[in-house]
Each structure stands twice: as structure tokens, then as C-alpha cells.
Amino acid sequence: MLRGLLPLVLEISMFSCTADVSAAPVKHPNLLLDRDEIEGVKAKIAKYPWAAAALEKTKEHALNGPPHENGFIDQALYYAFTGDRSFADRARGHLLECARSELPEFQKLDVAKNPEFGSWNVWGARAWAYDLVHDTCSDAERVRIEEWFRVSCRVLIDVNRHWSTTPNLMFGKHVNIGLVGYCLGDREIIDWVL
């Protein structure tokens, strides 16, 4: 009797843990750097000239980097390390503009005609930037950005269920979509990635 009951108990325990994790609110920042790690970097910037010089390079790229080099990450990082909200405003503005322009495209996408649409965007970098500037976003901005992330990632997941590519390229898609899932605490996205 115990032998038949043990798998059921284990399954219920695992399901209960999964339900608790998905119900837990997400704290930001939670990707790649948390609040304690950011404070540690700030201390190094104050103590070491090399760290201060690296921050200056980050600032320079945040202000003047070429658009194709994802300066929004440097904007978000500079904000996280200095508290200069003007840099958060730039990064947040970039994310909101992407959400405004891309969300309608994902919502009406005919994947049979364009299965690669959005597949190679820098979703992980976008998620990390959002994670770092989350506290500067209004509730309406969070709703807009998170809807864009969720809709886009679910479309990309669906596309990848039907059209695949080589394992090395799929790995990149999984990592990028996974960072969005972990940023949002979205169980459906995380489960697909895992």
C-alpha cells in the first residue's frame, strides 16, 4: 500500500511547490544582478579607480553608443549604479517604443508567412533592462511592457513548436525567452524554456 501511495505523495508535493513558486510575486531586480550585488558594485565604483572608469565607459556608451549596440542596457545599468533617473527614462522610453511598435505586429502575425519575425531580437537584454528600471515605471507602463513581453514570447514559443532550427540557434532563443520568463515570473514561459 505504501509503495503505491509514495508516488502520489511526491507528485502532490511537487505540484504544491510549483503552485507556490508561480504565485510568488516577482522582486526586481532579479536577473543577473540583485539589489545586494548592485550595492556591491557601487562600493567597488567608490573604492577602485578601474571600477569608476568602467562606469564612465558605460555612461559614454549609454549616451553615444550606436543604436545597434543596445545602449539601453548601458542606460539601465548606469541608472542602477548611480540612481540617475534620466538614464532610466531613456531605457524605459526605448522599451515602451518597442512595445508600441512591436506588440501590434505580434498580435496580427501570420507565422506561416513570416515564421522568423522577432525570433532574433535581443529579448534577454530587453528583459534585463526592464528588470533594472522596473521601479521607475508607472503601473500602466509595466502593464504595457509586460503584455508586449508575454504576447511576443508566447508567439515565439508557438513558432518554435512548429518551425525549429539547429540546436545551437535554438539555445539562443531559449536563453533569451527564458530571461523574459524569469524577469516576469511567468511559469508558462519558464516551463517551455526548461
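Trainee: At which residue does α5 bend?

Mentor: This is a predicted model. In α5, a proline, Pro104, follows within four residues of the bend. The angle of the bend is about 30°, and the residue is Ser101.

Trainee: How far apart are the end C-alpha atoms of α5?

Mentor: Helix α5 covers residues 85-107, which is 23 residues. At 1.5 Å a residue these should span 33 Å. The distance in the model agrees with that: 32 Å.

Trainee: Which helices do the buried residues of α5 pack against?

Mentor: The buried residues of α5 include Phe87, Ala91, Leu95, Ala99 and Phe106. Arg92 and Glu102 are also among them. Their partners are α3 (49-64), α4 (71-82), α6 (123-133) and α7 (139-162).

Trainee: Are α5 and α7 parallel, perpendicular or oblique to each other?

Mentor: Two packed helices are described by the angle between their axes and the distance between the axes. For α5 and α7 the axes are 9 Å apart and the angle is about 45°. Angles under 35 degrees count as roughly parallel and 65 to 115 as roughly perpendicular. The two helices α5 and α7 are therefore oblique.

Trainee: Which residues of α7 make the contact with α5?

Mentor: The crossing of α5 and α7 is left-handed. On the α5 side the contact includes Arg92, Leu95, Ala99, Leu103 and Phe106. On the α7 side the residues are Glu141, Arg144, Ile145, Glu147, Trp148, Val151, Ser152, Val155 and Leu156.

Trainee: At what angle do the axes of α7 and α8 cross?

Mentor: Helix α8 spans residues 167-184, and its axis comes within 11 Å of that of α7. The crossing is left-handed. Contact residues include Phe149, Cys153 and Ile157 of α7, with Met170, Ile177 and Val180 of α8. The angle is roughly 145°.

Trainee: Why is Cys153 classed as buried?

Mentor: Cys153 lies in helix α7. Buried means under 20% relative accessible area. Cys153 is buried because its relative accessible area is 0%.

Trainee: Which residues does Cys153 touch, not counting residues up to four places away in sequence?

Mentor: Cys153 is one of the α7 residues that make the contact with α8. With the sequence neighbours up to four places away left out, Cys153 touches Ile177, Val180 and Ile189.

Trainee: How far apart are the C-alpha atoms of Cys153 and Phe106?

Mentor: Phe106 is one of the buried residues of α5, and Cys153 is in α7. Along the chain the two residues are 47 residues apart. Their C-alpha atoms are separated by 9.3 Å.

Trainee: Which residue with a positive phi follows α4?

Mentor: Its phi is near 80°. The residue is Gly83.

Trainee: What percentage of the protein's residues is buried?

Mentor: The protein has nine helices and zero strands. Among contacts between residues at least 6 apart in sequence, 67% join residues at least 24 apart. Of the 194 residues, the buried share is 38%.

How values were computed: Residues numbered from 1 in each chain as written. Predicted model: local features only at pLDDT ≥ 70, side-chain atom pairs only at ≥ 80, totals over all residues. Heavy atoms only, no water. Expected span 1.5 Å × (residues − 1). Bend = angle between axes of the 7 residues up to and from the residue. Buried < 20%, exposed > 50% of the residue type's maximum accessible area, 1.4 Å probe, protein only. Contact = heavy atoms within 4.5 Å. Axes fitted to C-alpha atoms, helices over the stretch in contact; angles between N-to-C directions. Parallel < 35°, antiparallel > 145°, perpendicular 65-115°, else oblique. Left-handed = near helix turned anticlockwise from the far one by under 90°.
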